[in-house]
Amino acid sequence: MQDNVSPVAGQVGYVAIEQPFGLQPPKVHCPICGQQQFVEQDDEYLETPCEHLAFVFGGEEDEFVYASDDFAARFARFDAELDARFPNDEAQASAEYEEASSFYRDLFPRRLADLGYGASLLALRVTYGGMAEGSPVWFSDVYGFDYALIREADAE
Ligand SMILES: [Zn+2]
């Protein structure tokens, strides 16, 4: 597809995948360089991020489990702006704060836009489910890959 209009910031690429129940989450590889982002060794997951990985949000942990330096800096700015807008406990108890600060589900791509990301970011949300203590549980991990960090060598 050819598009002669130069791309502007555009929307974050946000893709949500849902796996059939009971399947283990996939081993996520970078779509730019092919590197696997986590490897299992002796029952432990080791982070093996490539330079394109901006962040990993762990659904089970319910927080970011990996942040690149660039992502961490963006997040710190976002957090400071949030504190300035909602300066006290009362303000932070409001629905507006929840709406402005939450990364829950559909708010995730909006937060990425708040962090200054545009169409050069691919966020891949993978939802997977299994049994835990007799009950079904579902988690969503989100991986962010930054195509703005692509180098000449990656295109070879
Ligand atoms: Zn990569």
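What pattern does the protein follow when read along the sequence? And in what order do the strands of the open five-stranded sheet stand?

Modeller: A caveat first: this is a predicted model. Read along the sequence, the pattern is β-β-β-β-β-α-α-α-α-β-β. That comes to four helices and seven strands. The C-alpha atoms fill a box of roughly 55 × 45 × 30 Å along the principal axes.

Now the sheet. The order across the open sheet is β1-β6-β7-β4-β5, and the pairing is mixed. The edges are β1 (13–18) and β5 (63–67), each of which pairs on one side only. From one strand to the next, the twist averages 20°.

β1 and β6 run parallel and are joined by six bridges. In that pairing, Gly13 has Leu122 of β6 as its bridge partner.

Move on to β6 and β7. These two run antiparallel, with twelve bridges between them. Ala123 stands opposite Gly144 in β7. Two residues lie between the strands of this hairpin, and Glu133 takes a positive phi near 50° there.

Next comes β7 against β4. They too are antiparallel, joined by four bridges. Phe57 has Val142 of β7 as its bridge partner.

What packs on the sheet? Helix α4 (residues 107–114) lies across β1, β6 and β7. The helix runs at about 145° to β6. Take Leu112, which touches the most other members of the largest nonpolar core along with Val12, Ala54, Phe55, Leu121, Ala123 and Phe145. This core has 15 residues. The largest share, five residues, comes from β4.

Look at Leu112 once more. Leaving aside neighbours within four places in sequence, Leu112 is in contact with Val12, Tyr117, Leu121 and Ala123.

Finally, the whole protein. Among contacts with a separation of 6 or more, 53% join residues 24 or more positions apart. Buried residues make up 14% of the 156 residues.

Note on methods
Residues are numbered from 1 along each chain as its sequence is written. This is a predicted model: local features need pLDDT of at least 70, side-chain atom pairs count only at pLDDT 80 or more; totals for chains, interfaces and linings use all residues. A nonpolar core is a set of buried Ala, Val, Leu, Ile, Met, Phe, Trp, Tyr and Cys residues joined through C-beta atoms within 7 Å. A residue is buried if 20 or more other C-beta atoms lie within 10 Å of its own, exposed if 12 or fewer, and partly exposed in between; C-beta atoms are placed from the backbone. Two residues are in contact if their C-beta atoms, placed from the backbone, lie within 7 Å. Two strands pair if DSSP finds at least two bridges between them. Axes are lines fitted to C-alpha atoms, for helices over the stretch in contact, and angles run from 0 to 180 degrees between N-to-C directions.
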